[in-house]
Amino acid sequence: MLRVNENYQKLAASYLFSDIAQRVAAFQKQNPHTKVIKLGIGDVTRALPAACIQAFHHAVDEMASDHTFKGYGPDQGYDFLREKIARHDFQALGAEVSADEVFVSDGAKCDTGNFQEIFSRDLRIAVPDPVYPVYVDTNVMAGRTGNYVDGRYEGLVYLESTQENGYVPQPPSEPVDLIYLCFPNNPTGACATADRLKQWVDYARKEKALILFDAAYEAFIRDRSLPRTIYQIDGAREVAVEFRSFSKTAGFTGTRCAYTVVPKECMGFDAAGGGHSLHTLWYRRHCTKFNGVSYPVQRAAEAIYSDAGREQVRELVAYYLHNASLIRDKMTLLGYDCAGGDNSPYIWIKTGTDSWEFFDRLLNEAGVVCTPGSGFGRCGRGYIRISAFNNVDAVTEALERIAGVLRK
Ligand code: MLT
């Protein structure tokens, strides 16, 4: 008899963003003439930067000739991309990261979801609340939690991110082994200062724990006083793995390219206390289960680091940040407490009412899709998240429609 992984029975029936997509599809079927405006899942709408397109075309042409054709690429990604990542995203900021610590992949979602595989089952895990559901669901699938009770899984340590702590939690009083952090935060848009990150790094060093630091939204940081990578914090190389993505930075949600940094100093331990390099373990996992991102896509990603590419990415990010400020200003004017939206493409809005009810109201009465905060955890109840990823005309229209509904 084929037994299934019964841990899956503990999960909510569908993934948050699939659930939303199904509700939107049902609404659209019943209201075929309504132009639905999607400010739910953080999916980009603007074209790839011209520098990426040019590099992409050129690389596709290379695949058309036997002389320049490429088969399987190097396990960790092409040197041309990893060297630029190390130089521009880290060394230029004074953060020590070398190209051979970079693993190119097809998404930060996959990497943050897969990384737990290299650890034992009986870890003590801390996750923020609200939280990007991937961190939690993948640990549920792996059998590291108990049941889902009143919006939380038994066995996890939840780090409450609330209005009171500015949505940036402090290290817990109890020991944990694995900590998920995300800054700029999804969903709240909050950013951690260097002092706050230092507390986390110190805690992880003391506990021999590891921080999985999701920095997928780093490009949206405008405040120069904020750290752009956890490796700007002393000691982080021993205790932090960082995840980055080109999805939101350069419009790669449909193109797929991301990377993970695993410093050589990061260690995990066996039952006898012996140390094991996480770089070695992740390398083993990565080259066993993954055959790399396609050559043209890695060339397109490399182009982001050219002078023209950097300028185009800056412009793209500024465009979405402008949308974010429109959303935040309008929702504030309508009387709602808002967080995020300044160094982040997400605006976290306190509605004070049931998140799904608010979601349904905006969908049914305004034809606008947001994300219900409760989908990110118990602390998200009474909140919604609005994403700035859409064209400015659509955002402007959505805000007019929302104002029309909420002013009623
Ligand atoms: C989100 O909307 O939270 C993100 O788009 C999800 C993702 O990047 O997977």
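His 286 sits in helix α9, which spans residues 278-289; helices here are DSSP runs of H or I with at least four residues, numbered from the N terminus. At 2% relative accessibility, His 286 counts as buried, a label for under 20% relative accessible area with a 1.4 Å probe and protein chains only. Setting aside neighbours within four places in sequence, His 286 is in contact (heavy atoms within 4.5 Å) with Asp 75, Phe 103, Val 104 and Ser 105.

A word on the model: it is predicted, with local features needing pLDDT of at least 70, side-chain atom pairs counting only at pLDDT 80 or more, and totals for chains, interfaces and linings using all residues. Residues are numbered from 1 along each chain as its sequence is written, and side-chain values use heavy atoms, with hydrogens and water left out.

Now for the ligand. Around it come Phe 17, Ile 41, Gly 42, Lys 109, Tyr 132, Asn 186, Tyr 217, Lys 248, Tyr 346 and Arg 385, each having a heavy atom within 4 Å of the ligand. By class, that shell has 5 nonpolar, 2 polar and 3 charged residues, with Tyr put among the nonpolar ones and Gly among the polar ones. Both domain 1 (7-47 + 309-406) and domain 2 (53-307) give residues to the shell, so the ligand lies between them; the bounds come from an automatic or database domain assignment.

Oxygen atoms of the ligand pair up with polar side-chain atoms of Tyr 132 at 2.5 Å, Asn 186 at 2.8 Å and Lys 248 at 2.8 Å. On its own the ligand has 270 Å² of accessible area, and the protein covers 86% of that (Shrake-Rupley method, 1.4 Å probe).

Conventions:
Helices (H or I, at least four residues) and strands (E, at least two) are DSSP runs, numbered from the N terminus. Buried means under 20% relative accessible area, exposed over 50%, partly exposed in between (1.4 Å probe, protein chains only). A polar contact is a pair of N or O atoms within 3.5 Å; within protein, one must be able to donate a hydrogen and the other to accept it, and residues adjacent in sequence count only if both atoms are side-chain atoms.
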